[in-house]
Amino acid sequence: MGILSAKIKFKIKVIFFEFNSINYCFIHIPKTAGTSFQSTIVKNELENKKHNLLLKNYMEKLNCKHDHVPFSFLKNNFIKKNRLNEKIKYFTIIRNPWIRMASLFEQIVLRHKVGLKRKSINREIRNTYFRNYEYVTNNLLNDLGLFDNDKIKQLFKFWLFYLGYNIKVLPNLNPNFNILPQSWWLIDEQTDDEVDKIFLFEDLQNLEQEFDLNLSHENKKQKYLNYRDYYDQETTDYIYNLDKYIINKFSYDF
């Protein structure tokens, strides 16, 4: 089967695309409307299928998820090793860190409460090595009473500090996805290079105008709690220290 076969049997998440004869690479930070943007790009037939398939195959060899690859890895590893020499503009979307983390928590832990279907346990690295991980973890949380409505702050804290997200994302087998600040995706710490442009989740109209698109709405959740209801002072401070770069540069507040 050729790399540009018309009948590719798997879904390729858009990273690379072309607009107005310019090559772009979208850096997808989780819970920042990235899936909606990617779906819109596909619907408008702008994606670079060759580059995206090349990336997918490359990441699968590393046993890593290809959708949330950081700027530094793409620039310094994937692009160079695959000799992609064309000029590429990198950009991303960021979001209020406290709201983003609360949204991630709802998507992972409270899926049934926000109207999302249960995800396959195969997406959790820990289930690969301990088949009963999800069952044992849920029993522990039940025994601790953390699923009770009046203990939502404790459940959020337990998830934030200990459970995390843990799907296949670089660095491979990362023990807690929540230790990664948004800046990890958009800055190359070795060179201090940064993506060419940053859009705000809170102002997606700017993104739509840039690429002449109307965003679709993927992964839409029902409203459950206000994001502040999940936080106490300790978790509020944790997110500030984690995402200090983003918070200070874009004047986000709790």
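A crossing of two helices is left-handed if the near helix is turned anticlockwise from the far one by less than a right angle, and right-handed if clockwise. Keep that for a later stop.

**Before you start**

This is a predicted model: local features need pLDDT of at least 70, side-chain atom pairs count only at pLDDT 80 or more, and totals for chains, interfaces and linings use all residues. Residues are numbered from 1 along each chain as its sequence is written, and side-chain values use heavy atoms, with hydrogens and water left out.

**Whole chain**

Show the chain as a cartoon. Its secondary structure comes to eleven helices and six strands. Helices (H or I, at least four residues) and strands (E, at least two) are DSSP runs, numbered from the N terminus. Buried residues make up 49% of the 254 residues. Buried means under 20% relative accessible area, exposed means over 50%, and partly exposed lies in between (1.4 Å probe, protein chains only). Now think about contacts, meaning heavy atoms within 4.5 Å. Of the contacts with a separation of 6 or more, 75% come from residues 24 or more positions apart.

Two strands pair if DSSP finds at least two bridges between them.

Zoom in on strands 1 and 2. They run antiparallel, joined by four bridges. Find F17, which stands opposite Y24 in strand 2. The two strands form a hairpin with two residues between them. In the turn, N20 has a positive phi of about 50°. S21 sits in the loop between strand 1 and strand 2. Its phi is near 65°, a positive value in a residue other than glycine. S21 is exposed, with a relative accessible area of 68%. Most residues other than glycine have a negative phi.

Move on to strand 2 (residues 22–27) and strand 3 (residues 88–94). They pair in the parallel sense over five bridges. N23 stands opposite I88 in strand 3.

**Helix 1**

Select residues 34–43. Is this helix largely enclosed or open? Seven of the ten residues of helix 1 are buried, so it is largely enclosed by the rest of the structure. Colour the buried ones: G34, S36, F37, Q38, S39, T40 and I41. They pack against strand 1, strand 2, strand 3 and helix 9 (204–211).

Axes are lines fitted to C-alpha atoms, for helices over the stretch in contact, and angles run from 0 to 180 degrees between N-to-C directions.

Helix 2 and helix 3 pack at an angle of about 100°, with their axes 11 Å apart. They are therefore roughly perpendicular to each other. Angles under 35 degrees count as roughly parallel, over 145 as roughly antiparallel, 65 to 115 as roughly perpendicular and the rest as oblique.

Which residues meet here, in helix 2 and in helix 3? Show H51, L54, L55, Y58 and M59 from helix 2, then F73, L74, N77, F78 and K81 from helix 3. By class, this contact of helix 2 with helix 3 has seven nonpolar, two polar and one charged residues. Ala, Val, Leu, Ile, Met, Phe, Trp, Tyr, Cys and Pro count as nonpolar; Asp, Glu, Lys and Arg count as charged; the others, Gly among them, count as polar.

**Helices 4 and 10**

Select helix 4 (residues 97–109) and helix 10 (residues 233–242). Their axes come within 9 Å and cross at roughly 110°. That makes helix 4 roughly perpendicular to helix 10. The crossing of helix 4 and helix 10 is right-handed. Show side chains for P97, W98 and M101 of helix 4, and for T236, I239, Y240 and L242 of helix 10, which make the contact. The residues of this contact divide into six nonpolar, one polar and no charged.

**Two last residues**

Jump to D212, in the loop between helix 9 and helix 10. Phi of D212 is near 55°, a positive value in a residue other than glycine. D212 is exposed, with a relative accessible area of 64%.

End at S183, in helix 8 (residues 183–186). At 14% relative accessibility, S183 counts as buried. What is S183 in contact with, leaving aside its neighbours within four places in sequence? Select D243, Y245 and I246: S183 is in contact with these residues.
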